[in-house]
Amino acid sequence: MRIEARGLVKTFPAPPFSGGSPLRALDGVSLEAGPGVTGLEGPNGSGKTTLFKTLAGILEADGGAVLADGAPAAPARLRELAAYCPANPRSFYFRLSPAENLRFFGALAGLPAGLALKKAAALAGRLGLARADLDRRFDRLSEGNMQKVSLVRAFSRGAPLLLLDEPFRGLDAEACRGLQDLIAETGRSSAVLVSSHSPELLREAAVRIIRLERGRTGGTP
Amino acid sequence: MSWARIVIAFVRRDFLAESSYRLSFALGALATLANLAVFYFIGRLFGAALAPELEPYGQDYFTYVFTALAFFGYIGTGAGSYAGRLRQEQMQGTLEAALSTPLGTVPFLAALTAWNFLFATFELGIYALAGALVFKLDFAAANWAAAALVFALSAGCFAALGILSSCFVMLFKRGNPVAWVLNNFEGLLGGVYFPVAVLPAWLLPVSALLPVTYAVRAFQSAVLRGAGLTEIKGDLLALAAFDIVLIPASVWLFGLAVRRARRAGTLGEY
């Protein structure tokens with residue numbers, strides 16, 4: 001699929017009575033991506049995560065539009081189309097195993113339990129996550145393995161739009177190779193957006209890279 | 001997307017999470033029994049004589065408070081558990097992940113507290129067994145069909161209050177005026193621990209504003225005296241009116257609260 005952002009604006013209001021000022025995280029971002037893999041780079045606070053969350057339908061933009069295959073897509077529609085892997089993997093139920101977590105989030109995305117577990121097992125192998133780790137309690141996993149579970153959750157949806165925010169964070173070399181292969185494979189049928197602070201990993205993953213600075217797209221570096 | 005699959009997924013998740021805290025589970029069941037014992041001994045202290053305010057129900061104090069606590073314990077689940085569950089999701093960092101899926105507001109609300117209602121049903125079973133086997137209470141006169149209708153209308157109404165309460169959690173995280181009213185005044189002014197006739201006259205109009213007043217009175221009348229639908233018609237109509245207004249309003253307001261959180265970027269905050 002093809003995803004398009006036109007003049008996206010997102011301002012986070014200051015907390016009431018805080019004396020702070022609103023934060024303009026996206027200041028008219030426009031980009032086109034997919035089919036295939038597109039990289040997104042930019043310094044801390046440049047708006048990458050806000051852009052991902054807006055494209056995923058988690059946040060609602062204050063201005064601008066998102067188009068999916070040329071048609072305007074409201075946030076509810078984007079939540080159907082997009083799978084988002086957040087930069088922080090701590091968005092799971094810590095008392096449950098990764099397998100149970102993936103079964104639960106799979107159900108919310110419409111995946112039958114059997115299929116969710118089958119996909120989880122297959123994807124875990126690709127990322128170097130041991131079968132035993134899928135059945136261990138989530139809070140007993142290392143940060144790197146938590147990140148792998150987070151990636152499995154996003155990839156297993158088989159969504160036409162895949163948004164990977166800092167997906168290489170905490171991964172060992174073998175897992176990074178496995179992830180690069182998965183990104184390349186998924187990019188053949190879906191639009192994949194990947195962000196990373198590692199220029200080498202980003203260039204390996206994506207032929208086309210868009211730079212974001214102070215909430216604006218700065219063109220292809 | 002199948003609602004049943006969503007509800008089952010939430011129940012399975014909550015069962016696994018709750019049963020991983022085994023001591024808490026056991027202590028919760030013990031607390032229910034300890035609570036009942038307190039009222040049992042209060043009842044023994046004052047004997048089986050009927051207070052004038054209990055005459056309309058035709059039972060002693062312990063039977064009255066036992067039935068009200070069992071009933072309120074169940075319907076109160078709706079009022080209390082939505083905000084609690086939502087807050088838990090915020091603190092765990094899982095709310096944003098759950099709401100980044102295609103899951104709609106109504107199935108989310110239907111599934112969020114399904115486990116709490118299942119557990120409350122289990123607690124209700126404990127109450128029923130304790131009432132029959134330990135305290136030897138007599139419910140021979142009960143009109144169970146009328147009681148079931150009161151139960152259904154009350155559960156819907158209290159779930160709506162719980163959803164309203166969770167709107168504040170969604171927007172403000174901490175500081176929840178609906179929960180404050182429910183926790184501090186429902187039991188006091190709604191006739192749970194004693195008939196509202198005991199209250200001073202100036203508090204009765206306040207009591208009349210609370211759905212719990214109608215719910216407890218109608219349930220007590222149906223279970224303790226076997227009152228029929230005609231006799232409790234006024235209370236049933238009041239509960240139905242609360243349902244008609246509160247259920248759609250609460251779901252709509254919850255949808256607005258989620259949307260506002262998406263706009264303000266606070267869905268993932270706690």
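Strand 4 (residues 63-68) of chain A is joined by 2 bridges to strand 5 of chain A, and the two run antiparallel; strands are DSSP runs of E of at least two residues, helices are DSSP runs of H or I of at least four residues, and both are numbered from the N terminus. Two strands are said to pair if DSSP finds at least two bridges between them. Within this pair, Ala68(A) stands opposite Ala71(A) in strand 5 of chain A. Both strands belong to an open sheet of 4 strands in chain A, ordered 2-1-4-5, with antiparallel pairing. Its edge strands are strand 2 (23-33) and strand 5 (71-72) of chain A, each of which pairs on one side only.

This is a predicted model, in which local features need pLDDT of at least 70 and side-chain atom pairs count only at pLDDT 80 or more, while totals for chains, interfaces and linings use all residues. Residues are numbered from 1 along each chain as its sequence is written, and chains are lettered from A and ligands numbered from 1 in the order in which they are written.

### The mixed sheet of chain A

A further open sheet in chain A consists of 6 strands in the order 6-7-8-3-9-10, and its pairing is mixed. The edges are formed by strand 6 and strand 10 (216-217) of chain A, each pairing on one side only. Strand 6 of chain A is joined to strand 7 (residues 161-165) of chain A by 4 bridges, the two running parallel, and Ala83(A) stands opposite Leu162(A) in strand 7 of chain A. Strand 7 of chain A is in turn joined by 5 bridges to strand 8 (residues 191-195) of chain A, again in parallel, with Leu164(A) opposite Val194(A) in strand 8 of chain A.

From strand 6 (residues 82-85) of chain A, Ala82(A) and Tyr84(A) point one way and Ala83(A) and Cys85(A) the other way, and all are buried; a residue is buried if 20 or more other C-beta atoms, placed from the backbone, lie within 10 Å of its own, exposed if 12 or fewer do, and partly exposed in between.

Helices lie across this sheet. Helix 1 (residues 48-55) of chain A lies across strand 3 (36-41), strand 6, strand 7, strand 8 and strand 9 (208-213) of chain A, and runs at about 155 degrees to strand 7 of chain A. Helix 6 (residues 143-156) of chain A lies across strand 6 and strand 7 of chain A, at about 175 degrees to strand 6 of chain A. Axes are lines fitted to C-alpha atoms, for helices over the stretch in contact, and angles run from 0 to 180 degrees between N-to-C directions.

| Property | Value |
|---|---|
| Secondary structure, chain A | 8 helices and 10 strands |
| Secondary structure, chain B | 11 helices and 0 strands |
| Buried residues, chain A | 53% of 221 residues |
| Buried residues, chain B | 41% of 270 residues |
| Box along principal axes, C-alpha atoms, chain A | roughly 45 × 45 × 30 Å |
| Span along principal axes, C-alpha trace, chain B | about 60 × 40 × 35 Å |

In chain A, 71% of the contacts between residues at least 6 apart in sequence join residues at least 24 apart, and in chain B the corresponding share is 77%. Two residues are in contact if their C-beta atoms, placed from the backbone, lie within 7 Å.

### Helices 10 and 11 of chain B

The axes of helix 10 (residues 211-225) and helix 11 (residues 233-264) of chain B come within 9 Å and cross at roughly 140 degrees. Helix 10 of chain B and helix 11 of chain B are therefore oblique to each other, since angles under 35 degrees count as roughly parallel, over 145 as roughly antiparallel, 65 to 115 as roughly perpendicular and the rest as oblique. Where they meet, residues of helix 10 of chain B including Tyr214(B) and Ala218(B) face residues of helix 11 of chain B including Leu239(B) and Phe242(B).

Gly226(B) is placed in the loop between helix 10 and helix 11 of chain B, and counts as partly exposed because it has 17 C-beta neighbours inside 10 Å. Its C-alpha atom is separated by 5.1 Å from that of Ala141(B), 85 residues apart along the chain. Leaving aside residues up to four places away in sequence, Gly226(B) touches Ala141(B), Ala142(B) and Asn143(B).

### Where the chains touch

The contact between the chains takes 24 residues from chain B and 23 residues from chain A. On the side of chain B that touches chain A, helix 1 (3-19), helix 4 (95-98) and helix 11 of chain B each supply at least two residues, and the largest share, 6 residues, comes from helix 1 of chain B.
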